Amino acid sequence: MFATKRLGKELLKMKEHLPPGITIAKSENLEEWHMDLQVLDDNPLYQDQTYRLKFTFGSKYPIEPPEVQFIESPNTPSTPRPIPIHPHIYSNGIICLDLLSSAGWSPVQTVESVCVSIQSMLTANTRNERPPGDSDFVSYNRRRPRDINFFYDDDNV
Amino acid sequence: MESDEDFMSVGSSNDDFLDTQDSDDDSLEDFGDDFDGGFSKDKDIIATSRKPYEVDFKVLSPGDIEREQNIQVTEVSSILGLPPESSAILLRYGRWNREKLIESYMDHPEQTLDAAGLGNHFETNPVTQKVPGFMCEICCEDGPDLETYAMRCGHRFCVDCYRHYLGQKIREEGEAARIECPGESCHLIVDSKSLELLVTRDLRDRYHALLMRTYVDDKENLRWCPAPNCEYAIDCPVKQRDLRRVVPTVQCFCKHFFCFGCTLNDHQPAPCLLVKMWLQKCEDDSETANWISANTKECPRCHSTIEKNGGCNHMTCRKCKHEFCWMCMGLWSEHGTSWYNCNRYEEKSGSEARTEQARSRASLERYLHYYNRYANHEQSAKLDKDLYLKTEKKMTSLQSQSGLSWIEVQFLETASQALQQCRQTLKWTYAFAYYLARNNLTEIFEDNQKDLEMAVESLSEMFEKPVPELSKLKVDILDKTAYCTKRRVILLSDTAENLKNGEWTFNMEW
């Protein structure tokens, strides 16, 4: 695999230090990592919640972006993992974010930098809503996130 | 036969058009004054090499396209005093609009360079370097022997990662003109010199092919030939806004005839916009319409379409609850007790409902009239094409059976080509006619259509004869081929002239 060394270094670095609100939940292999995310300011939409991000790395990472989405497991009473409400996050966990597309991705980005971007995307949000057409998208979409052509028409949120 | 040959070589003799144009114009004006289609006038049309329905165009090979690009790059480069690689990036950014680009650069050089993804100082020759203590941010490799590269922006990566990155962009994403530096939020464009330093030969070729694509895609006067695997492009001055007045059919070196306006197969005489409407309509309507017409009636009150799938003649419309008789379409209340046997055909309410019904069905029938003929020619053209594939075999067997030479059996191929071309034209005359309002011009058009159609059918029939009869029919087939071709030229010329002069009246807005 192209990026064994790179992922190894990323992991090492993250185990040493991570920004507040971001923790590693699962990183046994080099194909799929889980990260837990908290919004630390007093944004009422996300207070006292922990969200889980799933990173899937293809063989071309980091030349190609990883596949990143929110997941609901493990969703137990003691460790709830809901999908955060946000106008760019569908209720199935798929995130519409420019930097995760091949056009917006830069190979210099890391798992950590993606987590930080998503964290700040939540922090800055004030709208308690899902993207338009959420229910249709969630019931009909069978594609993987990287095969979806999102239109990044809203640069403000 | 002379005129016939002229016609068959339309595409290749195109360069001559400019030279002979002046003398042609006179005869065309003659024709324009008079639409009675008198035979002497027709003769003029046949004799001229440039027909009213033909447009100027030039076929460009990949080499030609590259040459054209280079000329423009060199020119801009010398005007602006920038290196050619930067000028190329600028031109691509400005979609090859030279004048606008030069103006914008003269007014705001810094801003223009920035927007195009160029910094403001230019290295002469990019080189890779070994940098002590360097670690590549992409793969995390380090070591004193690591070859690295950075563009003017200073974002340095190892050559291996750079190569992977460029490979991904070029091969997987089909990017060329706007590949940015891999660095985070750095918008500097990777120029061709840097690229050539970094990538392997095959990737470089792909990159240049993609750059060439963007050149043709960006210029309004250029279009790729849509034929599979064809590498040529067509240069034609017809603009999008002209497409209401002209149907610009062009022919590539690969022999493919297509419309420069919409890149669909040749659809003369129908203009692109009508073709689009027609295809849309056919897609929506045809099969369903056929079935509806055969199996349903409409409610006399609300015009909902109703299929009667059994039961008695007493119909109650699901939608408006109107009660009527399926047989006579009259009010059910007037039927008294003769419930299962309608014998009231002449009653007033029934006959009114039927007239109304007939009117709405008439428009459907009208559409189907044109559609069926359109589809029939499409189908026949396909069959004729199969026939064409068999023609060569036929020619060989004709040779051995009749003792004719290869040259002497060429008439079959000529006939087959003419047949296909005429069918293509006929097919679109029906789509065109569907949108025409009725007037004298339409009648002339329909006469021309009928003449061509009859000629085509009789040629088609001769063509299908068994091989032994073909040698006897040679003169007839030659004559018929020439006649078909001539009828086609007349029809297309007449239609194109009227289109150019805005003489046609259509039955809808477009």
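Me: Two strands count as paired when DSSP finds at least two bridges between them. How many bridges join β1(A) to strand β2 of chain A?

Reply: This is a predicted model. Strand β2 of chain A covers residues 32–37 and runs antiparallel to β1(A). Pairing needs at least two bridges. The number that joins β1(A) to β2(A) is four.

Me: Which residue is the bridge partner of A:I22?

Reply: Strand β1 of chain A spans 22–26. A:K26 of chain A stands opposite A:H34 in β2(A). For A:I22, the bridge partner in β2(A) is A:L37.

Me: How many residues does the hairpin between β1(A) and β2(A) pass through?

Reply: The two strands run antiparallel. A hairpin joins β1(A) to β2(A), and the number of residues it passes through is five.

Me: In what order do the elements of chain A run from the N terminus?

Reply: Chain A has three helices and four strands. From the N terminus on, the order is α-β-β-β-β-α-α.

Me: Why do β1 and β4 of chain A each have one side without a neighbour in the sheet?

Reply: The sheet is open, with strands in the order β1-β2-β3-β4 of chain A and antiparallel pairing. Neighbouring strands of this sheet are turned by 30° against each other on average, direction ignored. One side of β1 (22–26) and of β4 (67–71) in chain A is left without a neighbour because each stands at an edge, with a single partner strand.

Me: At about what angle does helix α2 of chain A run to β2(A)?

Reply: Helix α2 of chain A covers residues 111–123. This helix lies across β1, β2, β3 and β4 of chain A. Its angle to β2(A) is about 35°.

Me: What span does α2(A) reach from its first C-alpha to its last?

Reply: α2(A) has 13 residues. At 1.5 Å a residue, the expected span is 18 Å. The span reached is close to that, at 18 Å.

Me: Within what arc do the buried residues of α2(A) fall?

Reply: The buried residues of α2(A) are A:V111, A:V114, A:C115, A:I118, A:Q119 and A:L122. An α-helix has 3.6 residues a turn, so residues three or four places apart point the same way. The buried residues of α2(A) line one face of the helix, because seen down the axis they fall within an arc of 135°.

Me: Which helix is included in what covers the buried residues of α2(A)?

Reply: The cover includes β1, β2, β3 and β4 of chain A. It also includes a helix of chain A, spanning 4–16: α1.

Me: How many residues does chain B bring to the contact with chain A?

Reply: Chain A gives 14 residues to this contact. The side of chain A that touches chain B divides into six nonpolar, three polar and five charged residues. The number taken from chain B is 13.

Me: Which strands are the edge strands of the sheet in chain B?

Reply: Three strands of chain B form an open, antiparallel sheet in the order β2-β3-β4. Two bridges join β2(B) to β3 of chain B, and in β3(B) the bridge partner of B:K130 is B:E147. Each edge strand pairs on one side only, and the two are β2 (129–130) and β4 (156–158) of chain B.

Technical notes:
Residues numbered from 1 in each chain as written. Chains lettered and ligands numbered in written order. Predicted model: local features only at pLDDT ≥ 70, side-chain atom pairs only at ≥ 80, totals over all residues. Contact = placed C-beta atoms within 7 Å. Nonpolar A, V, L, I, M, F, W, Y, C, P; charged D, E, K, R; others polar. Axes fitted to C-alpha atoms, helices over the stretch in contact; angles between N-to-C directions. Expected span 1.5 Å × (residues − 1). Buried ≥ 20, exposed ≤ 12 C-beta atoms within 10 Å, placed from the backbone. Arc of directions from axis to C-beta.
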